[in-house]
Structures are given as C-alpha cells and as structure tokens.
Amino acid sequence: MSIKTKYEILAAELEQQGIDIEAVRTTLKSQKIETPSWGYANSGTRFKAFPWPGAAVTTHEKLDDAAMVHKMTGIAPSVALHIPWDKPEDGDYTAMREYAEGQGIILGAINPNVFQDDVYRLGALGNPDPAIQEMALDHILECCEIMTKTHSDILSLWFADGTNYAGQDSLRLRKHRFEQGLRATYAHLPAHSRMLIEYKLFEPAFYSTDLPDWGTSYAFSLKLGDQAQVLVDLGHHAQGVNIEQIVTFLIDEGKLGGFHFNNRKYADDDLIVGTVNPFELFLIYNEIVDAMQCGEEPAQTTAQNIAYMIDQSHAIEGKLAPMIVSVLNCQEAYAKALLVPRKKLATARAEGDVMGAHLILAETFRIDVRPLLAVIREEMGVPVDPIAAYWASGYEEKIRNKRGIAATSGGYQ
Ligand code: PSV
Ligand code: MN
C-alpha cells in the first residue's frame, strides 16, 4: 500500500474522531526546533571525549551542520550559540548572522558561558568574591548586546553555581547574590526579548545548586517580571519527577519560556530526546497542545511562544544523524499530541472513567503517524525519509574528508 493510501485511511479515521486533519497539517508545518551549535562539536563524558570524524570546530562549520539538519527536516531553522565558544575571532556578530542567513538558518538563543573560566571555581553570580560576580555579570551583559547584533530574542541562562560541602558558603547569601545578578541582567535585556532561567538538580556542584529546581527559577522569574521565564531542560530532573506536570503548571502561570530537549538518563543532557521514553515526550507535547487548544490566558499565549531547543552534544553516536533523529522525535511526539481527541477525553475525565481516559491517550500515542509526516514533508519540499536522505547526501563523507578528526572537545574551538 502506498504512503498516500495509508495517509488517506488514517485521515478518514481521524476525521471520524472529530480531528481537523487540515489544521493538524498546517500546525505541523509551522513547528520549529532549535539545534545547539555545541551539539555539532566533539564532546564526551568527564572520562573520555571520543572524537567524531568531521565534527565541527569553527562556528561556521557548526552553522553549516545546523543548516544541513534544517535542510533535511524543514523544522530546525535556528541555531543556539554559546558565548564565548562561538565568539567570532574578529568579533563581527553581524557577519556571523549574515553567514547563517546565507545558509538558510537564523541565529537563536544566546547562552552566556559563565562556567568554564578558572575564576569560576566557586561560582559565577553566586561567587563569594564580588569581583568575580561582577566579571560574570559583565559577560552576561555583553551577551545582551550580542543579542542585538545576532537578532536573538532569547537569553538562555544556566549556571554551574553551587557548593560541594555543607558549610562551604552561606546558602542565604548565595541566593541574594543570584537575585542581584539576575535583576541586573533583567534591566539590560533588549526590548522584546526574554531571559530564560534554567535549573539543574545537581552537577557540577553536588551539595547545593544555586538554581536546583523549577520552583527556584519560577520564584526568581516572578520577582523579575514578564520578560523572565523558566527553561525546562528534560535532563535536569530526578528520575521519578513528572516533567509534564511541571510543564503544565508553568504554562498555566505564563512562566514556561522554553525547553532544552534531551533525556534524563544521562544525569546530564546529551542523550537523544524521545529514545528512552517517547511516551514522556508525547505527554509533554500533549500538555502544550492542551494549553493551546483548551487553555485560558495566559496559558494559550505562553504555549504559543515556547522556545523549543535541543541541548544535546552526542558522545558516541555521531553528530548530524542523532541531531536529525532528535528533531524527528519531537515532530512525531507533536504530531501525536495534535491527534488527541480532546472532547472525548474531557468527557471520560468528567465521568470519572479512569481507564477510558487513560486509553484515549495511550491509543493516540500508538497511532502510526508516519504517513501523515510523509505527506507534510512532501508538501514542505523536504525528504520524506530525512535520515536516509542524509546518508545518501554525501554530506557526512564531505565533512569527514574536509575537516578530518579534530583534537578539540566540548564547545571550545
Ligand atoms: C548544562 O548542563 C546545560 O544544560 C546548560 O543548558 C548549558 O548551557 C548546556 O548544558 C551546555 O553546556
Ligand atoms: Mn540545558
């Protein structure tokens, strides 16, 4: 049976369930996922970074790779930068932006890096030394200026700050230092931009982390104002945490700003999203779609404005292929979430039909959406099978031959 026929059968079934398949197709075509510049460079664990032949070293190479991922998928039109990893040698961010645009993509979130310099041994904004707090703040403010040149509207903040030993520093004073630093940052945000405050349960600080959970990020973002929101990195939670519930709470309060997609099995953030637990990814998208379709303000607008970003830098599985798979996994999860029969679900819930309600979600998750995705890819003019098309494109051999094996690891050039 041809893909077209499979699609027609699926569309007819869905329409019977009350799903507006035309609307689903339109929505899927407007989906956007940002990929990270650092995901195209070599990286590893603290034990070993296995170099990948052809991995990007320069920012231009990272932009070329991101553009290729977009060409294959049609839904990855922007790339996040990490500063100073992506600082141009000549300091010309306008030229970098124009280079990206020439490749068919745009520059996205700016991520200040206040965790790699030697001075940050005891933290950045939370550091007990006011001179180092100041240094970190200066770098963040410089990133606010960079945003204007790169036309970025998101400042994405993550801090490695915390302590390793009880008594090492005052937890209360660290909180105060953070509040002060975040307030100063907020005051310098370009107009119409947002700052997203990322949290992380642990690592590299192990006794206390200054921004350990969504509640802390939420509290700070509330104090700061409308331009501050929370960033949920899927990797930064304890294993049992219900991320979709956090997502819903934050959307409903107007405070979910964006995602870093990955998988939490790594205890950091480098495994391909949707591989270990595709059901969880579907449930997250389901909450977002529910807010878009059934939520009241500010939930609807908040859900519409979520910045979807991947935060993965693969250690053993190559570079572009896993990035393409990550984008496709998000597309599949979103497609399924758009097919949930929400009226039927609401009725089952209202009737207290526990199994009925659960099975509506579970059955939707089981729908084979590949014919639907094939049809929209064809309409978008991208390969119907992006992974096969990538392998057939010759790009991997081209970068392998041209770039060779870089000695660098991490985002550093
Ligand atoms: C930290 O683990 C993190 O998730 C932050 O988002 C960083 O910006 C990113 O990874 C890259 O180090
Ligand atoms: Mn992250």
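Colleague: Where does ligand 1 sit?
Modeller: This is a predicted model, so keep that in mind for every value. The protein covers 91% of the 310 Å² of accessible area that ligand 1 has on its own. Ligand 1 sits in the largest pocket.

Colleague: Which residues are the closest to ligand 1?
Modeller: The ligand is surrounded by 14 residues. The shell holds four nonpolar, four polar and six charged residues. The closest are H82, E198, D268, D269 and D311.

Colleague: How many Å separate an oxygen atom of ligand 1 from an N or O atom in the side chain of H236?
Modeller: K200 has a side-chain N or O atom 3.1 Å from an oxygen atom of ligand 1. D233 places a polar side-chain atom 3.1 Å from a ligand oxygen atom. For H236, the distance is 3.2 Å.

Colleague: Is S208 buried or exposed?
Modeller: S208 is found in strand β7, which spans residues 208–209. Its relative accessibility is 11%. The cut-off for buried is under 20%. Therefore S208 counts as buried.

Colleague: Which side chain makes a polar contact with the side chain of S208?
Modeller: A polar contact needs a pair of N or O atoms within 3.5 Å. The contact from the S208 side chain is at 2.7 Å. The partner is the side chain of T163.

How values were computed: Residues numbered from 1 in each chain as written. Chains lettered and ligands numbered in written order. Predicted model: local features only at pLDDT ≥ 70, side-chain atom pairs only at ≥ 80, totals over all residues. Heavy atoms only, no water. Near = heavy atom within 4 Å. Polar contact = N/O pair within 3.5 Å; in protein donor to acceptor, adjacent residues only side chain to side chain. Areas by Shrake-Rupley, 256 points an atom, 1.4 Å probe, with all protein chains shown as cover. 1 Å grid on protein atoms, 1.4 Å probe; cavity = no way out; pocket = protein on both sides within 12 Å on 5 of 7 lines; lining within 4 Å. Sits in = over half its atoms within 2 Å of the grid points. Nonpolar A, V, L, I, M, F, W, Y, C, P; charged D, E, K, R; others polar. Helix = DSSP H or I, 4+ residues; strand = E, 2+ residues; numbered from the N terminus. Buried < 20%, exposed > 50% of the residue type's maximum accessible area, 1.4 Å probe, protein only.
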